[in-house]
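Hi,

Here is the structure I promised to pass on.

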Amino acid sequence: MKLKRSQIKKITQDARILRHMRLTQKLSLNEAGRLVGISGSAIAHMEQGRMDISRARLETLVKALGFSMSDYLEYYDGLEIPKNLRDECILLLRRCDLSKIEMLHPIISSLTK
């Protein structure tokens, strides 16, 4: 069975930059989608690497998010994209053994009381 493009994750530098730009502007997926006339789920698919991003769509999104293509190119050419704490935590958790993760729950729960 051939997988649909939406079932294959291929997070590109374009996707990372767009996500960073959207989060920098504190826009939800739906708000960003409304700026360019597409659905929030389409934005999510782009950011998660489940949808290819054409050059024209990329330029439209970058401008709609309040950035210039020069800003975009700085990130593309190596300007560090700040890490998202949530994403970093997810990556760390994926590396852990499930039993170790389960042991963390009571510890975290005790810290929040």
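**What I found**

The protein has seven helices and zero strands, where helices (H or I, at least four residues) and strands (E, at least two) are DSSP runs numbered from the N terminus. Before you go further: this is a predicted model, so local features need pLDDT of at least 70 and side-chain atom pairs count only at pLDDT 80 or more, while totals for chains, interfaces and linings use all residues. Residues are numbered from 1 along each chain as its sequence is written, and side-chain values use heavy atoms, with hydrogens and water left out.

**Overall numbers**

From the N terminus, the order of elements is α-α-α-α-α-α-α. Of the 113 residues, 25% count as buried; buried means under 20% relative accessible area, exposed over 50%, and partly exposed in between (1.4 Å probe, protein chains only). The accessible surface is about 8,300 Å², and 56% of that belongs to carbon and sulfur atoms. Those areas come from the Shrake-Rupley method with a 1.4 Å probe, and for residues only the protein chains shown count as cover. As for contacts (heavy atoms within 4.5 Å), among those with a separation of 6 or more, 68% are between residues 24 or more positions apart.

**The core and α4**

The largest nonpolar core has 19 residues, and L18, M21, L58, V62 and Y72 touch the most other members. A core here is a set of buried Ala, Val, Leu, Ile, Met, Phe, Trp, Tyr and Cys residues joined through side-chain atoms within 4.5 Å. The elements giving two or more residues to this core are α1, α2, α3, α4 and α5.

Not counting residues up to four places away in sequence, A64 touches L35 and V36. A64 and R34 are 30 residues apart in sequence and 9.6 Å apart in space, C-alpha to C-alpha.

**Backbone**

Just after α4, G66 takes a positive phi of about 90°. Most residues other than glycine have a negative phi. K26 is a non-glycine residue with a positive phi, near 55°. K26 is in the loop between α1 and α2 and is exposed, with a relative accessible area of 74%.

**A nonpolar patch**

On the surface, L93, L104, I107, I108 and L111 form a nonpolar patch with about 470 Å² of accessible area together. Patches take residues with over 30% relative accessible area and no salt bridge, with like charges joined within 9 Å and nonpolar side chains (Val, Leu, Ile, Met, Phe, Trp, Tyr) within 5 Å; a salt bridge is a side-chain nitrogen of Lys or Arg within 4 Å of a carboxyl oxygen of Asp or Glu. Helix α7 (residues 98-111) gives the most to the patch, with four residues. I107 lies in α7 and counts as partly exposed, at 47% relative accessibility.

Cheers
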